[in-house]
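Please read it alongside the coordinates.

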Amino acid sequence: MARIELNGIRKSFDATEVLGGIDLTIENGDFLSLVGPSGCGKSTLLRIIAGLEPQSAGQVTIDGSIVDGIRPSARNLAMVFQSYALYPHLSAFDNMAVPLRMRRLSTVERLPLLGSLLPGRRREERIIRADIDKVAAQLEISHLLQRKPAQLSGGQRQRVAVGRAMVRQPEAFLFDEPLSNLDAKLRVHMRAELAELHRSLRSTFIYVTHDQAEAMTMSSRLAVMIGGELVQVGRPAEIYDNPRDVRVAEFVGSPKINMMPGRIRDDSRIEVFGHVLRLASSQPPGNCSIGVRSERIELGSGPFSGAVIHVENMGAEAFVHIGLNGTEARLVARVNDVRRLPDIGSHLSFNFAADAVRAFNSAGKRIDVTAEQPERIRERAVV
Amino acid sequence: MSDNVATIGGVTVRLPVPATAQRRGRLSLTPYGLVAPALTLMLIMLLGPLAGVIALSFTDYQLGAPSLSWIGLANYHEMFGDRVFWTSLRNTLVYVGIVVPGAVTTGLAIALLIQSGTSLRSLYRTIYFLPVMATLIAMAVVWEFMLHPQFGLVNGVLREIGIAGPSWLQDRSTALYALCAIGIWQAAGFNMVLFLAGLVSIPKQLYEAAEIDGAASAWARFRLVTWPLLRPVTTFVVVISGIRSFQVFDTVHVLTKGGPSKSTEVLIHSMYTEGFEFFRSGYGAALTVVFLTFILLLTLIKSRLADRGVQYA
């Protein structure tokens, strides 16, 4: 149970800066996902928290005490690696026993032959066995404890790695893309399990992933990192609905948000593909971009029209790819009723509600828009 | 049917035909035909000479002699009654017993140091590998200078700190150990390269996991990760060093010729003197058989241990 604070964390490898001043507070019991495209520095940040990598500048504070310069072993954090990093020569039981033996036994007691003769070691081993059995039962791996990692499947290794992290009841758990080596089905299953585990342990979880779906479904808070910067931190729903940056909008959500080139006219209204939206912006006239999520595109009628290029039918829902008439732009619309899908090549009209629009300026920052006469816009959508 | 006959390595083989009745008889020949080339080579290059040596050890053959006669176990009888044989066997075992652990631990230590270093890695690798590439006979001359009682480097350094060094290679009590030191120096570089290859294959994340699991000291991480994961390499290195030090000859021949008073006499050197200086080929062959028995033993141990290799996850 720990509250972790990061103040102005910077990291550069030689001349390349990978982290440019990260400030972040992870509350006690939080499930925080560090999410971003590969190479954004999220794993480096996690390794700095763990102590595996020294930061170039800034401070890491765990429960009020500064841990800079303190070895990873003394920080009492547990980490689950992408490759699981199980010791290949040890059984699942011994793998899980390593952190306990390292902490509870002295160097002499850990000696292979001499150590087992000491009375203290026997007593400790009994307690260690009991602790491991408890965690193994919780993770449903009791029957696998005698196996070597090579005899375990990917999902089972994953559980052993989580078990090794759990046994010593650390201050916080660090996960470095732990599900990316699993197949898609198992990944979805483990997602739910990890979220449940977090609820039952009530411990602090920091979870690094490049998979926005993982981050969205599991975490209580999301920290989106792009290019070594923390772009936005917030609850998953808030980040999905209210991205402060075009890169966040494009990264979070699947399929990707539809971005369209727009323009703020001299009368401060926003125009897209020659159609004037009933939205006003306080920003000076100029180019901007408009984002609309696929589920907010309403097919059937409206001022926009295009040809159906491709239809992805997922069974419960479908995504219709539309090429806009006279432009290069492509949009994706989600259709909930898969029984009534348009044919590929057919033309259709569509519209979107004014409150579905997220506008960004040319620098990619979100700009606030105000709807004019919202009743009239609803009418337009119906027409 | 002529297209069902093929010639492989000088041996005519009938290829199987689809009819199952004919197939059975012909199939039994095919595998022999296929292994024939390799088997022939093995017979000519390895097994033949080996059988020759074993046969020779039961004769009184002398190099260049026009005839030989079968004398049964007389050579072995003489050998086991000879004090020099037992001295050379003991010296060889002492040499192996010192050089193998010495060269393995030095090789491992150098490999660990180079691996943990940040720069100049390839320079150090080259430096420590040099003794392996250099001709040992030429290097032995350099060692002779270094160990010279009056103007040698070793005794010069000892004199500086006030110790009167012995005349290393001429003293009965030190000559064998001086040769051991040269042996370790020569083998350590080779072992280092093998250990370095083994160290590179250990995943870095295991060390990070060990660090997070509480293995704070370098020793704890070595015991938890490095040593167990290096086990296959260590087995191989120990056996190879064992075989190579059993074969010690060049340094002995160049520096001491087995002396002073047989204190550095080793198996291969006795074999050489008996066979090529006294021309007693039969007796030399008997010594070779003893030597080969030890090598065979080491090889068997290795193949036993190699089966229990570490499985990487």
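## Helix crossing in chain B

In this predicted model, α4(B) passes α8(B) in a right-handed crossing. Helix α4 of chain B covers residues 83-116, and helix α8 of chain B covers residues 175-200. Their axes are 6 Å apart and meet at an angle of about 40°.

## Annotated spans of chain B

An unreviewed UniProt entry lists "transmembrane region" for residues 32-58, 93-114, 126-146, 175-200, 229-249 and 281-301 of chain B. Two of these spans can be described further. Residues 126-146 of chain B are 90% helix and 0% strand, with the end C-alpha atoms 22 Å apart. Residues 281-301 of chain B are 100% helix and 0% strand, and there the end C-alpha atoms are 30 Å apart.

UniProt also lists "domain: ABC transmembrane type-1" for residues 89-302 of chain B, again from an unreviewed entry. This span is 76% helix and 0% strand. Its end C-alpha atoms lie 22 Å apart.

## M146 of chain B

M146(B) belongs to helix α6 of chain B, residues 136-146. In sequence, M146(B) and W168(B) are 22 residues apart. In space, their C-alpha atoms are 9.9 Å apart.

## Chain A overall

Chain A has 383 residues, and 38% of them are buried. Its secondary structure comes to 10 helices and 21 strands. Along the principal axes, the C-alpha atoms of chain A fill a box of roughly 85 × 50 × 35 Å.

The feature "domain: ABC transporter" is placed by UniProt, in an unreviewed entry, at residues 4-252 of chain A. That span is 39% helix and 24% strand. The end C-alpha atoms of the span lie 25 Å apart.

## The six-stranded sheet

Chain A holds an open sheet of 6 strands with mixed pairing, in the order β6-β7-β8-β3-β9-β10. Its edge strands are β6 and β10 (229-234) of chain A, each pairing on one side only. From one strand to the next, the twist averages 15°.

Strand β3 (residues 31-35) of chain A pairs with strand β9 (residues 221-226) of chain A. The pairing is parallel, over 4 bridges. Here S33(A) has L222(A) as its bridge partner in β9(A).

## Strand β7 of chain A

How many residues of strand β7 (residues 172-176) of chain A are buried? The count is 5 of its 5 residues, and the strand is mostly covered. A172(A), L174(A) and D176(A) point one way from β7(A). F173(A) and F175(A) point the other way. All of these residues are buried.

Strand β6 (residues 77-80) of chain A runs parallel to β7(A), and 4 bridges join them. Within this pair, A78(A) stands opposite F173(A). Strand β8 (residues 204-209) of chain A also runs parallel to β7(A), joined by 5 bridges. There L174(A) has I206(A) as its bridge partner in β8(A). Between β7(A) and β8(A) the chain crosses through helix α6 (residues 184-201) of chain A, and this β-α-β crossover is right-handed.

## Backbone exceptions in chain A

Most residues other than glycine have a negative phi, and most peptide bonds are trans. Chain A has exceptions to inspect. The peptide bond from S254(A) to P255(A) is cis, with omega near -5°. P255(A) sits in the loop between α9 (246-251) and β11 (258-264) of chain A.

E140(A) is not a glycine, yet its phi is positive, at about 60°. E140(A) lies in the loop between α4 (119-139) and α5 (154-166) of chain A. Why does E140(A) count as exposed? E140(A) is exposed because 11 other C-beta atoms lie within 10 Å, and the cut-off is 12 or fewer.

S268(A), also a residue other than glycine, has a positive phi near 65°. It is in the loop between β11 and β12 (269-272) of chain A. With 15 other C-beta atoms within 10 Å, S268(A) is partly exposed.

Notes:
Residues numbered from 1 in each chain as written. Chains lettered and ligands numbered in written order. Predicted model: local features only at pLDDT ≥ 70, side-chain atom pairs only at ≥ 80, totals over all residues. UniProt positions renumbered as here; feature names shortened; annotations may be inferred. Helix = DSSP H or I, 4+ residues; strand = E, 2+ residues; numbered from the N terminus. Buried ≥ 20, exposed ≤ 12 C-beta atoms within 10 Å, placed from the backbone. Pairing = 2+ DSSP bridges. Right-handed = clockwise from strand over helix to strand, strands pointing away. Axes fitted to C-alpha atoms, helices over the stretch in contact; angles between N-to-C directions. Left-handed = near helix turned anticlockwise from the far one by under 90°.
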